[in-house]
Every structure is written in structure tokens, then in C-alpha cells.
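Please look through the structure below before reading on. The briefing that follows is grouped by topic.

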Amino acid sequence: MNLAHPFVRAAGLALVCFVLLIVLALVYPGTWLLDTLTGLFASGLLVMSLHLLVGYTGLVSFGHAAYFASGGYIFGMFLQTPDIVAAFGAWSVPVATLLALLGTGLFALVVGLICARLSEIYFAFLTLAFQMLLVSVIQGLVQYTGGDQGLMGGIPRPEFLGLDMVQVKDRFVFSAFLFLAGVLVIRLVTLSSLGATLRMVRDNEVRTAFLGVNTYRVKVLAFTIAGAVAGLGGVILAILTSAAYPEWAGWAVSGEAIFTIMLGGLHSFYGPLVGVVVMRFINDVTLIYTTHTDLAKGVAILFVVLVLRRGILDWIIDLRAARRGRKEDDNVSRALSKAGKEAEDAAS
Amino acid sequence: MLRLDHLVKKFGGLTATNDVTLDFPAGTLSAIIGPNGAGKTTLFNQITGHLVPTSGKIVFAGEDITGMKPAAIVRKGIGRAFQVANIFPTMTVEEALASAVSAHAHAAFELSSAFPRRDVKTRTEELLALLGMEPVARRISGEISHGDQKLLDVGLALALDPKLLLLDEPAAGMGPEERWQMMDTVQRLWKSQNMTLIFIEHDIDLVFRTAEIIHVLRYGAVLASGQADEIRGNPEVIEAYLGSETDATEADSREEPA
């Protein structure tokens, strides 16, 4: 095993994080932090997977929430079918999770095959259109989806591997596993040879095609992977809330995901994750005083766009780079003045 | 290596390529010259599959490639660099070259290998050395000098190990000294890489010094073909192109981006 290999290091980091989160679950006495983090895991996967499209492939999708909702609904509808739960028994939750992942991936593949034919604003609007279509379908198929009311009445989640999703700690650990697995998948994609191809398409699609790469296939592949991982985020939220709602597929969710990426940082891998935490923080702090949370988020985004002119993490990285640059400049000038003084001494 | 057979391209009433029949033997270094609007870039666009000829044939390495898709033609071994540097502006020089090498090494869709794969890295380092771009390897492509960007564009085409390399005004937009340097580099690359090379250029002095064979285009048709001496002595060429030196210079400055 080569410890210097980027894949091994990424997997190792995920494993360390997982162990730390399990320790946290064991020592933390209450439930508030664990449920809050579980919620962050869900939005984290939505935003990180969208970032694979927006930040790494240059595909601005306005309809990414569709895949998030798709994951939650497939998971919930599967487990709300008594015959299936009876048949799979203790394996129901893992099987439902896997189905949500694959089903959402297939959904994203079909939409991607259509949308990736278009570029820029046309692409963005077509993804939005498919998202609206999904909302309509969810609202229309009342007998399966509960329509406007969502998947109510709770989602049965049979115990598996000693984990009971009704218990805060247990569902936190399972959600942490799904979250880290999802982030690891995105990380591996960005580190792989495919990741370099994504960045080529982002930078200059025409030139990429001139290098003999089928850029349509690249975009469809990125869209499918991102969609499947977003679906995993939906599974986490369905586990946490024991429900699924049509609002999950709403344009507001997609829009907020894009704002979150802008807030956290478009040019760094973990930027969107910073955005998720900051968004949630602003949301919860504002709720203590007023319900106008969107106003507070809007002000924060304006501040980041107008004052920092880049996402929070990008700003921090640039700041550190500038500091380091200045330090090097100082060293150079110190060395120069020292050399000058020696020359003067020699002359005198 | 490449043969154009009675190639015609019409845009409505305009004939951009008028019955062009040219042969580019393997291993040669040829130039295509001609005044503005002579159809030089249009010719390149047909060879690389970005325009489909109205009639005629393009034969590459014995195979008819007329009407093939650009990506397919690239895979046959035809690389191309552009008049305006066509690069990956946010990547470092090293990363951009490695990405191109990776695409050529069939790793474009590979999820199982970390980027850059070991063989890709080795080839990238070779290319950096060949282009003399090691000093700027870690710099962001969009921030290096114009000349280096043009060179990187050539490097991206070279990453594909092309049998035939097409360079559309490799020295466009450069200062006088830089132009000569660029053409020296082009000549050096051609010698070291064992490939067939065709370039488009306005500057007649550069062309006479660099190219083995020169083809002169005017109004989309071939006016003359031959070695530097033959072209220099050809009365038609003198009248059409060299004779009106001032016109040609003006055309130059108009076509080049500032």
C-alpha cells in the first residue's frame, strides 16, 4: 500500500474523520449537535455534488435539487411498501439506500443525456425544467408520493447491523458513513485522470474536443455521478426526518445550493462545505430573533460577493498565499540589504 | 502523407476554396501563404473536420478522411494549434500539457488512476523540456506571456504525438524578435519529432527561411507551389503578393490581434 498515493490519502482521511465522528457520537451526551450535523451531512452532499458540476466541470445546473429529492423519495417509497420490507428484513435500509443511489444515478443519466447537448444558459434552464417536471410528478402521483403532503406517516427503518435509525446516535453514525462515502467519491473523481478531463472541459470545451475527447460524454458522466451523490444526500435527510417532501425538489433548494457554493468558495474543494456550515449558522442564529432568515442569508452573500469578491474559503486561501508571498519578499529584501551593507563595508 | 484532391468549399456565392489540389509528402515542412481572405484557415478547418468540403477529397495516410468528425480526425494523428492561442487558462502549464497527454493516452475517462498517471507525467516532462517551457511549468496558463501561450498551444497539439501537425500562424501577434524565435522552435520541433508539418504564415521572410515547400493561395486557389527560390522568382506571385508589399503589411496588422 502506497501511503503517498493521493487515493490512499483521501481514503485515509475519510476513515479518520469517520472514526472521529463515531467517537463524538459516543461521548456527546445530548442529541442537538448530532441531529444538526446529520442535517448538515444531507445539505453537504447536495452542495458538494453540485460543486463537481459547477466548480470542476463548468456546468451550472439550476435543477440539482431534483436528484436530492429523488434519492429521498426512492428510499422512502421503497421502505413504505410493507411487502418489500418484509422480504428484505434487516437488509431493507441498506438495500433502499443502494436503490436510491442507483435509481437517482439512472435518472440523472437520462436527464444528462438530454441536457448536456446544450450549453450555458440553455443547459441551466433545461435542468430547471426537469426539476419542475419532477415536482409536478411528485404532486400528481398522490397515491404513491402523498402529493403536496409528502411521504407522511413515517418511513419504517428496520434495524440492521445493530443500528436503529430511530436512535439519534445510530442514525448519526450511518449518515456520517453515507456522507463521507459521498464526499470521498467526489474527491476521488477530482483527483483521477477523469478529474483533469473535467477541468479541461470547464476551461475550454472546444479545445478539449480538439484533443480528441468526446466532451458530451464527459459532461453526461459528471452529471450522472453528481446526481447519484446528491441522491445520497436525500437519503440522509429522509432518514433524519422520516419523511420526504416535494419542496426538496423545489427551485429554492437548487438556488440555495448555488448560493452556498458562492458563499463558501468556488475554487477550493472544501469551500462548499464551509458554505453549508455558515448558511446553517446564519439560519439558526437568525431564527432566534426573527423568521426572516432569507434576508440574513442574502446580506451575507452580498457581503461575500461585494467585499471579499470570492467565497470565504477562497478568500482565506488567497490571504494566506499573499502573506507567504510577502514573507518571501521580506526575506529577499533583507538578504539584499544585507548584501548591500557588506558591499559598503568592503568598500570602506 | 496528406493529399488534397480538387477540394472546393463554397459559402453561398463565395468560393473560399477553389479546386485546391495539393500534396504534402511525409516528413516535409511546408508553408501556406497568401493575402487575407485567401482561404488558408478555411483549408485547415476542412482538413481537421470543422468544415465539410463542398466537393473534393482529403486523403490522409492513404485513407479518405473527408467528412469525418474532428475528434475522429484527431485520433488519426492530425494535431492543430490555433491563430489565437487556444489553451486552458486556469490550469498551470504543466497541468494543461499533462491533461492533453492523458487524453491521448486514453485516460480521459479513467477513474482508476490518479492524475497524472506515471507514464503521463514522464511524457509531460519530456514535452516541457522539448518546448523549453520548464521555467513556466508551474505558472497559470492564462497569466504567461503571449508567446508562451502560443507555444503551449503548439505543445497541446504535440501531446497527441501527431503524424501531421497544422500550425495556424504560430508567430501571430508577436514582436519581431519573438517571431524568429518561434519559427526556430517550430523548425526544431519538426526535426526532432519526425512528423509532417504545415504552417500558415503572413511574414514572407519567415516563410522563406523556415519552409521547405511553399504553397501560395489567392482567392481560394493555388497560385504557385515550390521551393523558396522558385516562389521568389515566380512573376505571378510577385505581382499578386510580393509586388504589393505594402498591402500585405497592412493586411498583416489588420489580421493580428493586438
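How many residues does the contact take from chain A and from chain B? The contact takes 23 residues from chain A and 28 residues from chain B, where two residues are in contact if their C-beta atoms, placed from the backbone, lie within 7 Å. This is a predicted model, in which local features need pLDDT of at least 70 and side-chain atom pairs count only at pLDDT 80 or more, while totals for chains, interfaces and linings use all residues. Residues are numbered from 1 along each chain as its sequence is written, and chains are lettered from A and ligands numbered from 1 in the order in which they are written.

**The side of chain A that touches chain B**

- On the side of chain A that touches chain B, the elements giving two or more residues are α1 (6–27), α8 (168–191), α9 (193–203) and α10 (205–210) of chain A; helices (H or I, at least four residues) and strands (E, at least two) are DSSP runs, numbered from the N terminus.
- The largest share of this side, eight residues, is supplied by α9(A).
- By class, the side of chain A that touches chain B has 12 nonpolar, eight polar and three charged residues, with Ala, Val, Leu, Ile, Met, Phe, Trp, Tyr, Cys and Pro counted as nonpolar, Asp, Glu, Lys and Arg as charged, and the others, Gly among them, as polar.
- Helix α9(A) is mostly covered, with 11 of its 11 residues buried; a residue is buried if 20 or more other C-beta atoms lie within 10 Å of its own, exposed if 12 or fewer, and partly exposed in between, with C-beta atoms placed from the backbone.
- The buried residues of α9(A) include Arg199(A), Arg202(A) and Asp203(A), and what covers the buried residues of this helix includes α2, α8, α10 and α11 (215–241) of chain A together with α3 of chain B.

**Helix packing in chain A**

- Helix α2 (residues 32–57) and helix α13 (residues 271–289) of chain A pack at an angle of about 140 degrees, with their axes 9 Å apart; axes are lines fitted to C-alpha atoms, for helices over the stretch in contact, and angles run from 0 to 180 degrees between N-to-C directions.
- The helices α2(A) and α13(A) are therefore oblique to each other, given that angles under 35 degrees count as roughly parallel, over 145 as roughly antiparallel, 65 to 115 as roughly perpendicular and the rest as oblique.
- In this contact, residues of α2(A) including Leu40(A), Val47(A) and His51(A) meet residues of α13(A) including Pro272(A), Val276(A) and Arg280(A), and the residues of the contact divide into seven nonpolar, four polar and one charged.
- The axes of α13(A) and helix α14 (residues 293–308) of chain A come within 9 Å and cross at roughly 135 degrees, which makes α13(A) oblique to α14(A).
- Met279(A), Ile282(A), Asn283(A), Thr286(A) and Leu287(A) in α13(A) meet Thr293(A), Ala296(A), Lys297(A) and Ala300(A) in α14(A), a contact with five nonpolar, three polar and one charged residues.

**Overall form of chain B**

- Chain B has 10 helices and 10 strands, and its C-alpha atoms fill a box of roughly 60 × 40 × 30 Å, taken along the principal axes.
- With 258 residues, a compact globule would have a radius of gyration near 18 Å, and the 18 Å of chain B agrees with this; the radius of gyration is taken over C-alpha atoms, and the globule rule is 2.2 Å times the number of residues to the power 0.38.
- Buried residues make up 44% of the 258 residues in chain B.
- Among the contacts in chain B with a separation of 6 or more, 66% are accounted for by residues 24 or more positions apart.

**Backbone points in chain B**

- Most residues other than glycine have a negative phi, and most peptide bonds are trans.
- The peptide bond from Phe115(B) to Pro116(B) is cis, with omega near -10 degrees, and Pro116(B) lies in the loop between α3 (93–104) and α4 (118–131) of chain B.
- His106(B), in the loop between α3 and α4 of chain B, has a positive phi near 60 degrees, and His106(B) is exposed, with 11 other C-beta atoms within 10 Å.
- Asp161(B), in the loop between α5 (146–158) and β7 (164–168) of chain B, has a positive phi near 45 degrees and is partly exposed, with 15 other C-beta atoms within 10 Å.
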